[in-house]
Amino acid sequence: MRTRREMKAGAKAVLRKHFGLFVLLCLMASLLGGEIALSGSVWQDKGMEEGQNATISGAITRSFSEFAMDMAMGNGDSREQKINEAEERYIEESRRNGNAVLGRSRGVFALIVNKLNSGAWLMTVTVGIRSLVGTDSGTVAVLLIGALLLWFLVGIFATGVYRTVILRMFLEGRCYEKVPVQRVWFLLRVKRWCHVGMVQFVTGICSFLWGLTIIGGFIKYYSYYLVPCILAENPDIGARDAITLSRRMMKGHKWECFVLELSFLGWEFLGALTMGISNILFTEPYKAAVLGEYYAELRRLAKEGQLENAELLHDRYLFEKADQGTLEKEYRDVEEAFRETMGNMPSLKGVGKFLAEVLGLTVRQKKETRMLEEEQSRRFRLEYEKKALEGTVYPARLCPIPEKRKQKWVASLNYLRYYSVWSVILMFFTLSFVGWVWEVSLHLITDGTFVNRGVLHGPWLPIYGCGGVMILLLLNAFRKKPMLEFLLAIVLCGCVEYFTSLYLEIVHDGTRWWDYTGYFLNLHGRICAEGLLVFGVGGMAIVYVLAPFLDELFRKIPMKIMIIAAVILTGIFAADQVYSAEHPNEGKGITDYAGNSVYEEGVLS
C-alpha cells in the first residue's frame, strides 16, 4: 500500500498535467450542486442580507424553511404580504440606482432573481397545492415530501451522476496525457446515465437508513466511499454488487480514509480565508485527484488479493496503457484512413486559400472545396482515434462497454465547412429576419401590440445578422473547440451590441433603440448578461446547427437564382439604410426609453 504522501505526490503530478480541465470540471460541479460536488464542502458567497447565503440554492432553502414555518403556524397570509413587499422593494431599490450593474427592475434574469430571493415561486406552488389538498397542514406535508424528493433526485441524478463523470475523467487523466472535454458525455455514449443514477439512488437510501443509527451512518459512509469510483470504472455494475464491492475494498481501510480526509483541513482553512477561491482553483481538484489515486491503490490491492467480485473492475486500460500491438490490432483501420484523408486533401491557392483557412469562406462552391470540407470533417473525427492509437488518450474501442455511435443525420450536418459569399449574404438576411420576428413577438406577447423594432423600416434587425455572420467567419478557427467558441461568441456579440448602441446614440443625438438599464448584470444599459447569454447560446446554435442546415438548403438552389436573390435583397437593404439615415424608425416601443423613471431621474445625464 502506497503511503499518503506518495498518493498525494501522484495526485499533484496528475493535476499539473490537466490543471485547466480539472478546475473547469470542479467549477461546473460547484455551479450544478451549489457546492463542490466531489467533497461536499460548501462554496458560499458572502455579503447578502444579514449574512445569509448568497447562492440561489441558499435563497431557495431559506425561503422554503421560512414559508413552511409560517404555513405550519397559520401565518400564510402574512408571509404572502411580506413576499409582495420584498419584490416591490427590490424593484424600487433598483430604480433608485439606475446605474447598478445588478439591476433588478427589468428582464427575465431580474424576475427570476427577485422571485427566488423573495420566495414568490414558493407562494405560487403553495397556492396550487392548497387548492388540491384543502388544508394548510396537508399543504405543508406535501411541500416537505416534495422538497425532500426533489432535493434527493437532483442530488442523485444530476450532481451525483456528474460526480461519477468527473471521477471518470480524473481516472483517465492519471494514465493518459490528454483528456478531451467530449469525455464528459461518456455515460450518455454508453447509455448508462440513468442506470448510474439508480445505483446512486439505492446507495443513498442505504446510507440514509444507516444514518438513523448515528454510529452505523458514520461507518457506512466509509463503507460506501468507493461506489462513485466503481461506477466511474464500470457504469454497468448493479447496485448490490457496487455496494458490496465497495464494502469489501474498504474493509480495514476506514480509519486510514478518515485520516486522509483530515489531512485536508489545512486546505479547507485556507479556503475559508480566501472566501472559497483557493477551493475552486486548487483544493477541490486536488482532493478529487487524491481520491483517484486512493481508488487506484485499493483497486490494485483488490486485484492482487483476488477479492471476491474484483473481476467486475474490468476496465483494464483505464489504469494502464495498452501495448502497441493491442492498439494497432484494434485501430488498424485508423492509420490507413488518416493517410488516405491526408492524401485526398485537395489544395487551395492564393486568395481562395486565405479566405477558406481564415474565414471559412469561398467565392463560390466548387467541387474541390466540397471535397476539402468533407475530408477535413472526416479527419477531425479520426483525430481522436489516432490519438488513441498513439496512446495519448483513453482507447474508447477497448472499453468493456461499447460506446454509441453518432446518428447518421447528425454526422451529415458538417459544421467544418466552407460557406460561399452568396450563402453568407442569404444567411445574413435570414438571421436578421429571425431576430426581427423574435423581438416583434416579445412585444406582441408582453404588450399586446405590434411594434416594428429596429432603426430600419424593413423586416430585419441587422445586428442579429451581423452578429451571426461575424461568429461564423471571425471565429472560424475555434469551431473545433466548442467551449472557447461559446466564450468568444459572448465577447464578440457583447462588443458589437455595445458599440452599435453607442454609435446610434452619437449619430442620433442620444436616441436609444434598446436599453437594459434595470436588468440584472448590465453595462451602461447597452448590454446585459441576459442578452449576452442568449447571444452565446444562439451563436453556438448558428455555428453547429442552423448555419450548416441553412447552407445545405441554399446549396440546393441554382447558383444564378441565389446570386439574383442576394443582389435584390442587398439593394433593398441599402435603400432602407439610406432612407433610415434621414428618417429613422422611431416611436412607441422603439425609442421611447427616455420616458421611463430611470431616465427621469437623470441616469443618462
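Which helix holds both Arg168 and Glu172, and how many residues apart do they lie? Both lie in helix α7, residues 136-175, four residues apart, about one turn of the helix. Helices here are DSSP runs of H or I with at least four residues, strands are runs of E with at least two, and both are numbered from the N terminus.

Before going on, the ground rules. This is a predicted model, where local features need pLDDT of at least 70, side-chain atom pairs count only at pLDDT 80 or more, and totals for chains, interfaces and linings use all residues. Residues are numbered from 1 along each chain as its sequence is written, and side-chain values use heavy atoms, with hydrogens and water left out.

Confidence next. pLDDT is the predictor's confidence in each residue, from 0 to 100. The protein chain has a mean of 78, and 73% of its residues reach 70 or more. Helix α12, residues 239-250, has the highest confidence, at 95. Helix α26, residues 597-600, has the lowest, at a mean of 35.

Two stretches need care. Over residues 406-412, pLDDT stays under 50, and the model has two contacts there beyond four places in sequence. A contact means heavy atoms within 4.5 Å. Residues 594-605 also stay under 50, with 16 contacts beyond four places in sequence.

A salt bridge is a side-chain nitrogen of Lys or Arg within 4 Å of a carboxyl oxygen of Asp or Glu. The structure holds 21 of them. Arg168 bridges to Glu172, with the closest N and O atoms 3.1 Å apart. Glu172 also pairs with Arg183, at 2.8 Å between the closest N and O atoms. Arg183 sits in the loop between α7 and α8 (186-189), while Glu172 is in helix α7, so this pair ties together parts 11 residues apart in sequence.

Buried or exposed? Arg168 and Glu172 are both buried. The cut-offs are these: buried is under 20% relative accessible area, exposed is over 50%, and partly exposed is in between, with a 1.4 Å probe and protein chains only. Glu172 has a relative accessible area of 1%. Arg183 is buried too, at 2%.

Now a longer link. Glu552 and Arg417 meet through their side chains in a salt bridge, 3.0 Å from N to O. Glu552 belongs to helix α24 (residues 529-555) and Arg417 to the loop between α20 (408-412) and β2 (419-420), so the pair ties together parts 135 residues apart in sequence. Arg417 is buried, at 2% relative accessibility. Glu552 is partly exposed, at 25%.

There is also a network. Salt bridges link Arg2, Arg174, Glu293, Glu297, Arg300 and Glu304.

Val455 is in the loop between α21 (421-447) and α22 (462-474). Val455 is buried, with a relative accessible area of 17%. Its C-alpha atom is 9.7 Å from that of Asp576, a residue 121 places away along the chain.

Last, helix packing. Helix α10, residues 215-223, packs on α12 at an angle of about 95°, with the axes 8 Å apart. That makes α10 roughly perpendicular to α12. From α10, the contact uses Lys220, Tyr222 and Ser223. From α12 come Ser246, Arg247 and Met250. The axes are lines fitted to C-alpha atoms, for helices over the stretch in contact, and angles run from 0 to 180 degrees between N-to-C directions. Roughly perpendicular covers 65 to 115 degrees, roughly parallel is under 35, roughly antiparallel is over 145, and the rest is oblique.
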